[in-house]
Amino acid sequence: MSDRVPGKRRIVLWRHGQTAWNVEQRFQGKSDIPLDETGVRQAARAARLLAGLRPTALLASPLQRASDTARALSELTGLTVRYDPDLMERDGGRWEGLTAAQIRERYPSEHAAWQPPGGETGAQVAKRVSAALDRALDDLPPTGLLVVASHGAAIRLGMSAMLGLPEDTWDRLGGLSNCCWSVLGERRNGGWRLVEHNAGTLPEPVLSDDRTENGT
């Protein structure tokens, strides 16, 4: 007998494992950077934990750091990974490939506003990611569990939109560490609530394209 409450769908928003650019604090954005050896191990460990939740659908960004993370769970569960380009990370424009220190030095005003020149706005990312999640939910049964492998900023912004948070509050949600996840649960009266955030490990530094407390 299932222990899920009837009609209560869940979404697990899972950030990819570590990359060399994460360690170097380089803005990745839509650059297609692979997992490093640590990231591969992180994905395997997280997949073992997430498999215990008995997911029913698996969706991923097509960038290889996310798709390879999702594949680790696919191999354990037998679920087919579906891909949606709208789950890719925030386009970083001229910031992509630069370190956090280089961004602060070369683009001080843009850094203060956290708006990469030539890149996407937070609102644009929130709109496309939440739209991708809505499309995936069309096929999710009433007791389904959807796991989505994506990216730090994309997840935080898309999740904020799914929760109906005002844009000026989006930075109140902290970032996700590599291979950690957040869980959204469907409310009985419609909409979503945040059940867990940055779960999966003891607290770790957030090495991400997303805005963090240390300004990277």
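Sheet, crossover and cores in a predicted model

User: What makes β2 and β3 a pair of strands in this predicted model, and how many bridges join them?

Analyst: Strands β2 and β3 run parallel and are joined by 3 bridges; two strands pair if there are at least two bridges between them, so β2 and β3 count as paired. Within this pairing, A60 has Y83 of β3 opposite.

User: How does the chain cross from β2 to β3, and what is the hand of this crossover?

Analyst: From β2 the chain passes through helix α3, residues 64–77, to β3, and this β-α-β crossover is right-handed. The term is used because, with the strands pointing away from the viewer, the path from the first strand over the helix to the second runs clockwise.

User: What makes β2 and β4 partners, and in which sense do they pair?

Analyst: Strand β2, residues 57–60, and strand β4, residues 145–150, pair in the parallel sense over 4 bridges, where at least two are needed. On β4, V147 stands opposite L58, while A149 is the bridge partner of A60.

User: Which strands are the edges of the sheet, and why are they called that?

Analyst: The open sheet has 6 strands in the order β3-β2-β4-β1-β5-β6, with mixed pairing. Its edge strands are β3 (81–83) and β6 (192–199), each of which pairs on one side only. From one strand to the next the twist averages 20°.

User: Which way do the residues of β2 point, and are they buried or exposed?

Analyst: A57 and L59 point one way from β2, whereas L58 and A60 point the other way, and all are buried.

User: Why is R15 called buried?

Analyst: R15, which is found in strand β1, has a relative accessible area of 1%; the cut-off for buried is under 20%, and therefore R15 is classed as buried. The side chain of R15 reaches the backbone oxygen of L176 at 2.8 Å, and since a polar contact requires N or O atoms within 3.5 Å, this distance lies within the cut-off.

User: Which residues have the most contacts inside the largest nonpolar core, and which element gives the most to it?

Analyst: The largest nonpolar core has 26 residues, and those with the most contacts inside it are I11, L13, L146, V148 and L184. Two or more residues come from each of β1, β2, α6 (122–137), β4 and α7, with α6 giving the most, 7 residues. Apart from this core lies another, of 20 residues, among them W14, L58, A60 and A199.

Conventions. Residues numbered from 1 in each chain as written. Predicted model: local features only at pLDDT ≥ 70, side-chain atom pairs only at ≥ 80, totals over all residues. Heavy atoms only, no water. Axes fitted to C-alpha atoms, helices over the stretch in contact; angles between N-to-C directions. Buried < 20%, exposed > 50% of the residue type's maximum accessible area, 1.4 Å probe, protein only. Polar contact = N/O pair within 3.5 Å; in protein donor to acceptor, adjacent residues only side chain to side chain. Core = buried A, V, L, I, M, F, W, Y, C linked by side-chain atoms within 4.5 Å.
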